[in-house]
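Have a look at this one with me.

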Amino acid sequence: MTKEKLLLLDGNSLAYRAFFALPPLTNQQGIHTNAVYGFTTMLQKIITEEQPTKMLVAFDAGKTTFRHSTFTEYKGGRQKTPPELSEQFPYVRKLIDAYGIQRYELEQYEADDIIGTLAKQAATEKMDVIIVSGDKDLTQLATDNVTVYITRKGMTDIEVYTPAHIEEKYGLTPAQIIDMKGLMGDASDNIPGVPGVGEKTAIKLLTAHGTVEGVYANMDAVSGAKLKEKLIANEQQAYMSKELATIHTEAPLTITLADLAYNGAHDEELRAIYQELGFKTLLEKTDFDIEEQQQEDLVFTVLQTVEQLPQQAALHVELENEHYHTCAVLGMSVSSDAGTIYIPFDVMQQSDVVQAWLADEQVTKYVTDRKATQAALARFNLALNGVAFDLLLATYIVNPSLSGDDVATLVSEFGYRDVKANEDVYGKGAKRAIPADDVVAEHASRKAFAVWTLRETIEERLRQNQQYELYKELELPLARILGEMESEGITVSKETLQAMGAALTERVAHIEAAIYEAAGETFNINSPKQLGVILFEKLGLPVIKKTKTGYSTAADVLDKLQGEHAIIEHILLYRQLAKLQSTYIEGLLKEIHADGKVHTRFQQALTSTGRLSSIEPNLQNIPIRLEEGRKIRQAFVPSNPDWYLFAADYSQIELRVLAHMCGDAALIEAFREGMDIHTRTAMDVFHVEADAVDSNMRRAAKAVNFGIVYGISDYGLSQNLNITRKEAADFITRYLESFPGVQNYMDAVVKQAKTDGFVTTILNRRRYLPEINSSNFNLRSFAERTAMNTPIQGSAADIIKKAMIDMDARLKAEGLQSTLLLQVHDELIFEGPLEEMEVLAKIVPEVMEQAIELAVPLKVDFSYGKTWYDAK
DNA sequence: CAACTCACG
DNA sequence: ACGTACGTGAGTTGG
């Protein structure tokens, strides 16, 4: 039989250590997890390395211990445990149970005493004992059989205390650790010791005299009058301190060593708790000894001919990858009362039944991702109608912070586990491959079945939160429109981009040469690291700002260095042009399809606020602010050479939304009167008449307005306006005095977030803010600014989404050829024939302005031209 | 893959 | 005192 090895862990100390060693982490429900996570990684590592046969985690019980009767102030003056840590203890306990490890606590005793008692018992039975703690007090227990591991900074890093190590480090025996504490005390436990005696003096005294008792028996031999005086004055306190620091090895335990056998983790429980806590890496890394086919069996049939399909069903179309404008379609699965079937793509294409079924408005379909499905099928002339449920969008409305678009991830939010992650089926990176047909068929079938199973639950959840309408009448119809916009695409002139690129290449080369000349050497200008060395070391320019890895060379820093050295303006110009070249010329050229168009993908279930985002290519950040970049828009042209592009944008939509939501009389009046809002703000903030507002005052007022929308802070405003923090704070105060309704609204929305845990938009979109009550200033402040910003940004998003749906209907009703191509947060881009431009000029502003009625009017500006550049 | 920078609303 | 403006995506460098 192999030798028994006992592992004893100090639960409280390790959880504390982990909490303070790791940055604040939270799971998706907003529960803090850093202490549990640190504890888990430490536990995992130590079990793997030590392979113990017995284990126990000891905890402190209650507030008072036998030590308090010796000294009532014991552990006095401690900060109370932060709530972010307290809330984690139940999870630590659950985790220990899931690991199959015994845990124990005992009234009136601390974890140390439990550990000490068991260590002593184990030693008499000749076991190897390892003690793990974050508290060095435990090192007093070290013997030839008992080793003490003390965690260092990163939790998994440990310092091993054997008697030899203690001898080397302090020149003392483990038993003398207690005497050391008796003399020097311990601030963290409020053990007084002898005031004025620190570690050095204590070690010196103990080396000479062995113990506290020895020191007092040999007072004559103590050198130094002051020291002697202090020792004599505090003799009783020294003895008491020693007693307090002494670990009790005869605690009246109700468990025995035999109870501590460790036989490995309960994998199912462990996996459940990892899942609950959101420990994704641990979930992946751990080799759970459970049948991977934990999933319920699913019966499904692969069809080679299709005769009939149900009138109401869950439908999933399995795609090769997420690039649905280019990828292959593998097949479709249908789940209904009639069971689950899978139809390979070649059968889909040949089957009239399938095609008619997909296109039939009267057939009710519940899908996983309407937009992707519709756009992918459209490339094969397959129409998709009758969609009544979209898993991706429904999940996003339930909680926009939930990440991912894999069906497995989405359904797991509702506790459903019988779908595999795409990554587990297809692999990732270089290993990615399409598996055998039957594997794909089952995977797709499980997705459809999951939707069929979950649909009602999810819809019920939406109704409970009064979000069903937002989902069903806004997001779901919008998905169809966005899909059509993406499939239509926008034409980009290759020739125009290439001509611009050629001119740019030449200019960039000249500027590059000028930079090398000014620097006196060549280097990689694109490397902030190398550029920093040139600017701040070689050329000795003043360092304005640092990043965590070195010097900042960001544009606002370089702006402040303008005039200090000729190289600066060259670098700024180089950056500007290089960005155009790489992102907007070369990047965009790579995205042009064979049809001469780019087909972006609007991410409809991504942002926390309800906005869309645009990828591959991002068409929501095409340059406009600087003329050089703005010219890129000349490459965006109508799909028909005779047609025009029409652009319409909301004026000040976010500030109008703010005016509506806060009800501030002055702000509402300003918009009703049609005033220039920044000028009006300047008048109020600077207390002047309209004609006395100069451009600087207006600029400052504009920045204040932005700040208000973002969730104002004096620091942020001061950075933006390049003024002092005090001046910025002053601006804000005067603004809020002028618009007291804004102040009230901001206070109210933060308060509401603290009570409910979320904020809402005009159409009842939610964003959860778990950190709003955090004790961490930064996290809490960030959540507060978000609480102020999200209803504004999110409501503006609601409005334009509604406008898109109304516009789509209006274009159809009017029988126009014009189509919607793009949305850029507050603007819509259409294309159409010249004769429709005047019609658009009438109906687009009308529809956009009437999308949702606010307490202030919405205003839309518009224009059209032969290119996007000209539609200004 | 993270950090930095910069394009947009 | 704490250290930031809100929301995105893409290209480049460098460990």
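1. Which residues do ring pairs link into a cluster? They are Tyr-366, Phe-389, Trp-452, Tyr-468 and Tyr-471. Rings of Phe, Tyr and Trp (its six-membered ring) pair here if their centres lie within 6.5 Å; planes under 30 degrees apart are called stacked, over 60 edge-to-face, and the rest tilted.

2. Before going on, some housekeeping: this is a predicted model, where local features need pLDDT of at least 70 and side-chain atom pairs count only at pLDDT 80 or more, while totals for chains, interfaces and linings use all residues. Residues are numbered from 1 along each chain as its sequence is written, chains are lettered from A and ligands numbered from 1 in the order written, and side-chain values use heavy atoms, without hydrogens or water.

3. Back to the rings: the whole structure holds 18 aromatic pairs. One of them is Tyr-644 with Tyr-864, edge-to-face at 6.1 Å centre to centre and 85 degrees between the planes. Tyr-644 belongs to strand β20 (residues 644-651) and Tyr-864 to strand β25 (residues 859-865), so this pair ties together parts 220 residues apart in sequence. (Strands, E, at least two residues, and helices, H or I, at least four, are DSSP runs numbered from the N terminus.) Tyr-644 counts as buried at 18% relative accessibility, whereas Tyr-864, at 28%, is partly exposed. For these words, buried is under 20% relative accessible area, exposed is over 50%, and partly exposed is in between (1.4 Å probe, protein chains only).

4. Phe-686 and Phe-731 also form an edge-to-face pair, with 5.4 Å between centres and 85 degrees between planes. Phe-686 sits in helix α30 (residues 677-686) and Phe-731 in helix α33 (residues 725-738), so parts 45 residues apart in sequence are tied together. Phe-731 is buried, at 11% relative accessibility.

5. The charged end of Arg-633 sits over the ring of Trp-868, 4.3 Å from its centre, and Lys-365 lies over the face of Trp-357, 5.4 Å from the ring centre. The test is NZ of Lys or CZ of Arg within 6 Å of the ring centre and within 35 degrees of the ring normal.

6. Now find the open sheet of 6 strands, ordered β3-β2-β1-β4-β5-β6 with mixed pairing. β3 (102-105) and β6 (158-161) are at the edges with a single partner strand each, so one side of each has no neighbour in the sheet. Two strands pair if DSSP finds at least two bridges between them; β2 (residues 54-59) and β3 run parallel, joined by 4 bridges. Phe-59 stands opposite Glu-105 in β3.
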